[in-house]
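Me: I have a chain to go through with you. Shall we take it step by step?

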Amino acid sequence: MTTLSKGFSMFLLSALIMVLLVMIVLGFMLGFTHPLPWVLIGVLIIIPFIHQRIIGNRFVKWDDSLSVGIDTIDADHKKLLSLINQLQTAAHYQTDDEMIESTLNELVDYTRYHFSREEDLMQAANYPDFEAHKQQHAAMIEQVGKFINEYRVDKTRTIDNVCQFLKTWLINHINGSDQKYAPFLKDKSQ
Ligand code: FEO
């Protein structure tokens, strides 16, 4: 969603709330026993919950099925998901550029740190697919670097693409490539 459409949807939400408030006041003119204003109050109360639910779908949640069974790696993955959600929040609420840029930088730094930790473990265990896995990490870092450069040129359009890419990439990577090394690394460490 672009900044413009986000702004428009917030405007629509505010306008809907204003219309409901006016209708509630007018509804009470029909009498306090008339059901219309009470029904409208009910609608007004559930709007924030519906809004929150729609927004909530944009965030990624940790699920035990994502666990690779190695505590340090799971902790890294949880931290990365949390940073992606932080970035999504900053993008959704259109916080200042400095905040978005600092979250992006923290995300890239932590991703590098996590990849390096994971690669050390794979190498120490002589994991046979180590090189292929390492290349996936390098390609991801390169893609994020491109997004960051694009973001600096066109802030409004890029940030949602970055969030979407990071969510999809990380979940697919954990569920795919990371899960493949999990039994191998656990066997070697026993
Ligand atoms: Fe957890 Fe291969 O990144």
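Reply: Ask away. This is a predicted model, where local features need pLDDT of at least 70, side-chain atom pairs count only at pLDDT 80 or more, and totals for chains, interfaces and linings use all residues. Residues are numbered from 1 along each chain as its sequence is written, and side-chain values use heavy atoms, with hydrogens and water left out.

Me: How much accessible area do Ile45, Ile46, Phe49, Ile50 and Ile54 have together?

Reply: These residues form a nonpolar patch on the surface. A patch takes residues with over 30% relative accessible area and no salt bridge; nonpolar side chains (Val, Leu, Ile, Met, Phe, Trp, Tyr) are joined within 5 Å, like charges within 9 Å. Areas come from the Shrake-Rupley method with a 1.4 Å probe, and for residues only the protein chains shown count as cover. Together the five named side chains, Ile45, Ile46, Phe49, Ile50 and Ile54, have about 510 Å².

Me: Is threonine 103 buried or exposed?

Reply: Threonine 103 sits in helix 4 (residues 97-124). Helices are DSSP runs (H or I, at least four residues), strands are too (E, at least two), numbered from the N terminus. Buried means under 20% relative accessible area, exposed over 50%, partly exposed in between (1.4 Å probe, protein chains only). At a relative accessible area of 1%, threonine 103 is buried.

Me: Which residues does threonine 103 contact, leaving aside neighbours within four places in sequence?

Reply: Contact means heavy atoms within 4.5 Å. With those neighbours left out, the residues touching threonine 103 are Leu83, Gln86 and Leu87.

Me: Which residue forms a salt bridge with arginine 152?

Reply: A salt bridge is a side-chain nitrogen of Lys or Arg within 4 Å of a carboxyl oxygen of Asp or Glu. Here the closest N and O atoms are 2.7 Å apart. Arginine 152 lies in helix 5 (residues 130-153) and its partner in helix 4, so the pair ties together parts 51 residues apart in sequence. The partner is glutamate 101.

Me: How far apart are the closest N and O atoms of glutamate 106 and lysine 79?

Reply: Glutamate 106 and lysine 79 form a salt bridge. The pair links helix 4 with helix 3 (residues 71-92), 27 residues apart. The N to O distance is 3.8 Å.
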